Amino acid sequence: MEDQDEHLLTRASQGDFHSFEALLRRYEIPILSYAFRMSGDTAQSERIFDEVFRALAEALDSLPLPHKFDVWIFRTARRFLLRGIRETRMIRPQDVSPSTSLVSKTGSGSVQIRIRDGLESLQRSRREALILKVYHNLSYKDISTVLGAPVKTVNYWIELALSELRGRL
């Protein structure tokens with residue numbers, strides 16, 4: 001997928017609207033999902049998505065093609081998300097939808113509620129690291145880059161988050 005992202009970025013930077021649109025479609029659900037799980041606000045999630053792709057469109061000419069575009073785009077989304085949090089001074093994690101991996105593996109409504117409540121109770125850094133790992137399948141190194149924290153810290157946050165969730169389930 002990285003090669004395909006790089007190819008689409010190269011073509012988009014040369015003015016190919018269809019390549020830009022393909023990137024937008026590929027990352028629409030992951031970015032909306034990430035922003036929604038972290039903010040709990042659909043409107044804010046949509047604003048973040050718009051801002052991320054506006055930033056990409058503005059940076060295409062000067063953007064050194066990132067080796068890992070998914071890391072760049074999540075990091076950019078996080079920057080806009082944190083700015084929104086600072087502006088509103090709140091963060092509310094949202095319900096986990098039944099289609100998400102943790103819930104779909106359990107299939108039980110009561111477990112789904114406990115997972116949602118468990119995620120809501122996690123410290124923001126732990127919740128964010130866990131969301132990037134479980135729902136977006138990023139590597140520890142990539143999560144480290146997105147969050148601006150050492151890999152060992154990311155590993156620690158995820159282990160703590162999983163331990164806390166296990167304790168609640």
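# Exercises on an all-helix predicted model

**Exercise 1.** What should the 18 residues of helix 9 (residues 151-168) span at 1.5 Å a residue, and how far apart are its end C-alpha atoms?

*Solution.* The structure is a predicted model. At 1.5 Å a residue, the 18 residues of helix 9 should span 26 Å. The end C-alpha atoms of helix 9 are 26 Å apart, which agrees with that expectation.

**Exercise 2.** Determine which residues of helix 9 are buried and how they are arranged about its axis.

*Solution.* Step one is to list the buried residues of helix 9: Val-154, Trp-157, Ile-158, Ala-161 and Leu-165. Step two is to look down the axis of helix 9, where these buried residues fall within an arc of 95°, so they line one face of the helix.

**Exercise 3.** Describe the overall fold and locate the largest nonpolar core.

*Solution.* The protein has 9 helices and 0 strands. Of its 169 residues, 44% are buried. Among contacts with a separation of 6 or more, 64% are between residues 24 or more positions apart.

The largest nonpolar core has 44 residues, and those with the most contacts inside it are Tyr-34, Phe-53, Ile-73, Phe-74, Leu-132 and Ile-143. At least two residues of this core come from each of several helices, including helix 1 (2-13), helix 3 (42-59), helix 4 (69-88) and helix 9. Helix 2 supplies the largest share of this core, 8 residues. Taking Ile-73 as an example, and leaving aside its neighbours within four places in sequence, its contacts are Tyr-27, Ile-31, Val-52 and Phe-53.

**Exercise 4.** Classify the ring pairs Phe-20 with Phe-53 and Phe-69 with Trp-72.

*Solution.* The structure holds 5 aromatic pairs. For Phe-20 and Phe-53, the ring centres are 6.0 Å apart and the planes stand at 80°; planes over 60 degrees apart count as edge-to-face, so this pair is edge-to-face. Phe-20 lies in helix 2 and Phe-53 in helix 3, so the pair ties together parts that are 33 residues apart in sequence. Both Phe-20 and Phe-53 are buried.

For Phe-69 and Trp-72, the centres are 5.7 Å apart and the planes are at 20°, so the pair is stacked. Phe-69 and Trp-72 both lie in helix 4, 3 residues apart, about one turn of the helix. Phe-69 is buried, with a relative accessible area of 2%, whereas Trp-72 is partly exposed, at 21%.

Definitions and conventions
Residues numbered from 1 in each chain as written. Predicted model: local features only at pLDDT ≥ 70, side-chain atom pairs only at ≥ 80, totals over all residues. Heavy atoms only, no water. Helix = DSSP H or I, 4+ residues; strand = E, 2+ residues; numbered from the N terminus. Expected span 1.5 Å × (residues − 1). Buried < 20%, exposed > 50% of the residue type's maximum accessible area, 1.4 Å probe, protein only. Arc of directions from axis to C-beta. Contact = heavy atoms within 4.5 Å. Core = buried A, V, L, I, M, F, W, Y, C linked by side-chain atoms within 4.5 Å. Phe/Tyr/Trp six-rings, centres within 6.5 Å; stacked < 30°, edge-to-face > 60°.
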